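Me: Hey, can we go through this structure together? I'd like to start with the ligand and then look at a helix.

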Amino acid sequence: MHHDPDALSLDDPTTDPREVARAAAAVIAERTGVERHDVALVLGSGWGEAGDLVGETLTTIDNEDVPGFAKAAVVGHSGTMRSVAIGDTDRRALVYGTRTHFYEGRGVRAVVHAIRTAAAAGCSTIVLTNGCGGLRPEWAPGTPVLISDHINLTATSPLEGATFVDLTDLYSIRLRALAREVDPSLDEGVYVQFRGPHYETPAEVRMAGILGGDLVGMSTTLEAIAAREAGLEVLGISLVTNAAAGVSDAPLSHDEVVEAGRDAAARCGRLLADIVGRLCGA
Ligand code: 8IG
């Protein structure tokens, strides 16, 4: 099933992106048979297998069946989203198996569409996960780290017009505390979003550290800003899949990233399941 390519488009500047998000939420409600979801999760690099452990998948939806999630011109697999039961409650998680990155060039609206859709679907909380480079040598590949704050180096925003949004405590103190109840060993750090898709040079990693950053990646900050605008409470968790460039002697490789994710899948899956369960009183 493909939605009408002439229908609501994020690419039309006269269209309110929240209108597209409402259309997307309506399709999700229809396909899942439930009017609302409670928590949304975005699974980043290395978190895919962890997502399987969150709970029983009740419905899987191809992204391309949902308004705004893929352009007809894009060929290939666009990923899926799942409706997952949270423990033995009647609560549901909306689990996005993929995200749109800023570096894909589809525009900022496309990057944050899943977030706006989660809000339109009824979610009050969003868990943003990613794979990233770590600046602290003590964070071995495979270490999950809570995001305490961010530095957005993309030079853009998902907000349009004179939308002045306060980003103090963007990454919820309450949710970070809840995550630490689940795993007291969790460290936290400041996430720096670069545009990518190239990794940083060692000089850029040193710059990120001087600016106050602990983690470097290519996602999350624009999504978190859109989430705050939409009234969602945000939890951010980075999986350090590699030491950032220059932090260790090893060159960066995508294989290393994939491997670190696979090795950390069980711990990260339990972490997500326990956090989401605790959020929903499971
Ligand atoms: I996975 O070292 C992953 N994503 N910018 N730098 C940036 N993004 C990343 C990195 C990294 N590792």
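Me: How far is a nitrogen atom of the ligand from a polar backbone atom of glycine 133?
Reply: In this predicted model, that distance is 3.5 Å. A ligand nitrogen is also 3.5 Å from a polar backbone atom of valine 216.

Me: And what about the side chain of asparagine 242?
Reply: An N or O atom in the side chain of asparagine 242 is 2.8 Å from a nitrogen atom of the ligand. As for how covered the ligand is, on its own it exposes 330 Å², and the protein buries 96% of that.

Me: OK, which residues are around the ligand?
Reply: Among them are Cys132, Tyr199, Glu200, Met218, Thr241 and Leu252. By type, the shell divides into six nonpolar residues, five polar and one charged.

Me: Which strand gives the most to that shell?
Reply: E5 does, with three residues. Strands E5 (125-134), E8 (215-217) and E9 (233-243) each supply at least two.

Me: Switching topic: why is helix H6 largely enclosed by the rest of the structure?
Reply: Because seven of its nine residues, in the stretch 221-229, are buried.

Me: Which ones are buried?
Reply: In H6 those are Thr221, Leu222, Glu223, Ala224, Ile225, Ala226 and Ala227.

Me: What covers them?
Reply: The cover for the buried H6 residues includes helix H3 (108-120), plus strands E1 (39-42), E6 (143-152) and E7 (187-193). E5 and E9 are part of that cover too, and both of those strands also supply residues to the ligand shell.

Me: Last one: is the phi of glycine 231, which follows H6, positive or negative?
Reply: Positive, near 85 degrees.

Note on methods. Residues are numbered from 1 along each chain as its sequence is written. This is a predicted model: local features need pLDDT of at least 70, side-chain atom pairs count only at pLDDT 80 or more; totals for chains, interfaces and linings use all residues. Side-chain values use heavy atoms; hydrogens and water are left out. A residue is near a molecule or strand if one of its heavy atoms lies within 4 Å of it. A polar contact is a pair of N or O atoms within 3.5 Å; within protein, one must be able to donate a hydrogen and the other to accept it, and residues adjacent in sequence count only if both atoms are side-chain atoms. Accessible areas come from the Shrake-Rupley method with a 1.4 Å probe; for residues, only the protein chains shown count as cover. Helices (H or I, at least four residues) and strands (E, at least two) are DSSP runs, numbered from the N terminus. Ala, Val, Leu, Ile, Met, Phe, Trp, Tyr, Cys and Pro count as nonpolar, Asp, Glu, Lys and Arg as charged, and the others, Gly among them, as polar. Buried means under 20% relative accessible area, exposed over 50%, partly exposed in between (1.4 Å probe, protein chains only). Contact means heavy atoms within 4.5 Å.
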